Amino acid sequence: MILNNNKDKPDTNKFEACYNKYKNYMYSIAYEKLQDIYYAEDAVQNAFEKLARIFFKIGNINSEYTKNLIKIITINTCKDMLRKRNKNLATVPLEAAENELYINDCYDFLLDISKYMHNIPKKYTDVLILKYIYGFTSKEIAIILETKESTIRSNISRGKVLLAQKLKENGIDI
């Protein structure tokens with residue numbers, strides 16, 4: 001079978017240039033998310049494998065589109081690895097751990113915050129969850145929500161104020 005379609009035959013020189021340009025960038029993202037040099041190296045390799053599957057869609061390797069695509073692939077690869085790593089943690093049967101179980105006093109407090117968080121407008125809830133639960137930066141949230149970074153920062157600030165007001169109205173001081 002002869003491969004004539006660019007989709008089927010990647011430009012190896014272009015891919016190699018992309019690898020050389022972005023490998024350190026991807027590693028820094030992966031290390032920041034995973035906090036382990038070996039996992040970060042694996043994440044970069046896995047991310048490049050994913051990138052290779054869709055590389056035919058990339059025109060200019062120096063474009064912002066390419067850089068953002070690589071960042072998203074790397075972050076998602078890290079999230080997948082964290083999910084797998086957490087899934088593989090050893091579990092202890094309840095009977096074996098019954099003497100060590102305790103109820104964290106903060107748990108009820110977190111449930112209260114969660115309940116009141118859903119009583120503020122969705123645009124504030126979304127940015128607060130992306131920022132404080134998932135750990136995205138304002139810039140990353142702006143990309144995800146396709147809006148200006150300044151708008152995201154404003155919504156985070158306003159959302160925190162609204163949430164604090166809701167909590168205070170219900171007798172919860174933070």
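How many helices and strands make up the secondary structure of the protein chain? In this predicted model, the count comes to eight helices and zero strands. Read from the N terminus, the order of elements is accordingly α-α-α-α-α-α-α-α. The chain holds 174 residues, of which 27% are buried. Its accessible surface amounts to about 12,600 Å², with 52% of that area belonging to carbon and sulfur atoms. Where contacts between residues at least 6 apart in sequence are considered, 65% of them join residues at least 24 apart.

Aromatic side chains were examined next. Across the whole structure, five aromatic pairs were found. In one of them, the ring centres of Phe-15 and Phe-48 are separated by 6.0 Å and the ring planes meet at 80°; because an angle over 60 degrees counts as edge-to-face, the pair is assigned to that class. Phe-15 belongs to helix H1, which covers residues 12-34, whereas Phe-48 belongs to helix H2, which covers residues 37-54, so the pair ties together parts of the chain that lie 33 residues apart in sequence. Phe-15 has a relative accessible area of 22% and is partly exposed, while Phe-48, at 6%, is buried; the assignments follow because buried means under 20% relative accessible area.

Phe-48 also pairs with Tyr-19, in a tilted arrangement with 4.9 Å from centre to centre and 55° between the planes. This second pair again links distant parts of the chain, with Tyr-19 in helix H1 and Phe-48 in helix H2, 29 residues apart. Tyr-19 is partly exposed, its relative accessibility being 36%. Through ring pairs, Phe-15, Tyr-19, Phe-48 and Phe-55 are linked into a cluster.

Lysine side chains were found over the rings of two further tyrosines. Lys-21 lies over the face of Tyr-22, at a distance of 5.6 Å from the ring centre. In the second case, Lys-67 is placed over the face of Tyr-25, and the distance to the ring centre is 5.1 Å.

Key
Residues are numbered from 1 along each chain as its sequence is written. This is a predicted model: local features need pLDDT of at least 70, side-chain atom pairs count only at pLDDT 80 or more; totals for chains, interfaces and linings use all residues. Side-chain values use heavy atoms; hydrogens and water are left out. Rings of Phe, Tyr and Trp (its six-membered ring) pair if their centres lie within 6.5 Å; planes under 30 degrees apart count as stacked, over 60 as edge-to-face and the rest as tilted. Helices (H or I, at least four residues) and strands (E, at least two) are DSSP runs, numbered from the N terminus. Buried means under 20% relative accessible area, exposed over 50%, partly exposed in between (1.4 Å probe, protein chains only). A charge sits over a ring if NZ of Lys or CZ of Arg is within 6 Å of the ring centre and within 35 degrees of the ring normal. Contact means heavy atoms within 4.5 Å. Accessible areas come from the Shrake-Rupley method with a 1.4 Å probe; for residues, only the protein chains shown count as cover.
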